Amino acid sequence: MFSVRRRGTARLAAATVVSGLVAAGAIAVAGPALADEGPQSSGGATATLGKLAVYDTVNVAGKGQVSAGLFEMKVTPGGALQTYCIDFHTDALKGQEYKEVGWDQSSLHNNKDAGKIRWILQNSYPQVNDLAGLAKKAGVANLTEKTAAAATQAAIWHFSDDIDAVPVDANAKALTEYLEKNAQNLEEPKASLSLSPSSVAGKTGERLGPITVSTNAASAAVSLAPGAPEGVKLVDKDGKVVTNVANGGQVFFDVPAGSADGAAELTVQADTTVPIGRAFVATKVKSQTLILAGTSTSTVNAKATATWAKKGAIPAVSAVKNCAKGGLEVTASNEGDEDFTFELKGMKYTIAAGASKTVTVPLAEDQAYDFTITGPNGFEKTFKGVFDCKTATPAPTPSETPSTEPSPTTPAGTTGGTGTGTGTTSGDLAETGSSSATPMIAGIAVVLVVLGGGAVFFLRRKNAAGQ
């Protein structure tokens, strides 16, 4: 495996910033603590990365032979996905949680060839499982699942990472050339499930909303999360109780008059197929960005929150990652009858009654963030994640020569991983990609120990000379 020096240092710095951002809000809002919310909280599939399951060998210019193909992912709470890599030089950490996102929240946000990647996904394996027919289009005698997967991944890397990847198998090489030559820009696929907005607010006795549901499922179940105050209901615009919605349906929180100041959360869940070409990003750590190539019927979820009070300032707060703007967009609205003020990264913002404001919090690539907005009566909303918007571009060094030998198992207490096709690995490491940052971190520790010992030795000699 080869090490990623340039991005590795950034990752180490990001990891040391446990709370990269803290926004302590002087927000005049009553209500219980709300659930933690990541930047992709509007909904979709959540999945855990498994192994590289269907793959073969390709040659990558400057890196040598690597494994390339399809990853398995397990959807929570049910379903299975197959994904290809769209971030060659970044580790893929097996066992990590991933979330379905739009291209604007991934490394595809500024990729003019993103639509060509979707075309490849639609016109090659596994979407096209007639391997004889696929071989005929490529002008070759035959293809296997493994060689077709490797050829497809190699073509995707051409457009996602601008690298020269050539399958070792001659027939697979011909398929890669066919896919690259014929790829056309297709539109971005829509989310399997999303809610807009993800946070609402209002006065006690009102219907709070609407929250609009977008989904490719025929129907989605709607329910209040456990812990909702007594009497609060989910209704449609006519006040009828809602338990199921279709695409475009609207849901309101019905808060009875006389209710104590408070908050509640709704959950929307559907069984559907996630559209091919949706991006998947890790939610907790920096890990290789993936793109959907195959899916079973999977269970997808989305959540939204509501806050209410009798009087005063009543804010709703949400956040979304914006790769084009280089940060996290925090939107705060005020449905109360008084101004409310909050502080964000040393700046104070005041939002008048009935108004809203969106503030972009700048973030460095690979930066981990974890900040909380709080208010009176226990109001608390936390946003956390990793700002991952670019493909890695490691500096070419001799240490980056890949190995065909398996990597060592991950040390205890870590979730190790390698990602995009540079040989096989073992233990908890996924089977494609650059090496884990663990060896680099260990190396830094050794250097620090050596330097510390040298300093002690030097001081002792100096003191001895002065006696």
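## Lys325 and Glu329

Lys325 is exposed because its relative accessible area is 55%, where exposed means over 50%, buried under 20% and partly exposed in between (1.4 Å probe, protein chains only). Glu329 has a relative accessible area of 14% and is therefore buried. The two side chains meet in a salt bridge with an N to O distance of 2.9 Å; a salt bridge is a side-chain nitrogen of Lys or Arg within 4 Å of a carboxyl oxygen of Asp or Glu.

## Model and conventions

This is a predicted model, in which local features need pLDDT of at least 70 and side-chain atom pairs count only at pLDDT 80 or more, while totals for chains, interfaces and linings use all residues. Residues are numbered from 1 along each chain as its sequence is written, and side-chain values use heavy atoms, with hydrogens and water left out.

## Other salt bridges

The salt-bridge rule gives a count of 12. Among them is the pair Asp366 and Lys286, at 3.4 Å from N to O. This pair links distant parts of the chain, 80 residues apart: Asp366 is in the loop between strand 21 (356-362) and strand 22 (368-374), and Lys286 is in the loop between strand 14 (279-282) and strand 15 (290-295). Helices (H or I, at least four residues) and strands (E, at least two) are DSSP runs numbered from the N terminus. Asp366 and Lys286 are both buried.

Lys384 and Asp370 form another salt bridge, with their closest N and O atoms 4.0 Å apart. Lys384 lies in strand 23 and Asp370 in strand 22, so this pair ties together parts that are 14 residues apart in sequence. Lys384 counts as partly exposed because its relative accessibility is 35%. Asp370, at 21% relative accessibility, also counts as partly exposed. Salt bridges with shared partners join Asp87, Lys286, Asp366 and Asp388 into one network.

## Disulfide

The structure holds one disulfide, defined as a pair of cysteine sulfur atoms within 2.5 Å. Cys323 and Cys389 are the residues joined, with an S to S distance of 2.0 Å. The pair links distant parts of the chain, 66 residues apart: Cys323 is in the loop between strand 17 (315-322) and strand 18 (327-334), and Cys389 is in the loop between strand 23 (380-386) and helix 6 (438-466).

The torsion about the S-S bond of Cys323 and Cys389 is about -75°, so the disulfide is left-handed. Both Cys323 and Cys389 are buried.

## Cys85

Cys85 counts as buried because its relative accessibility is 0%.
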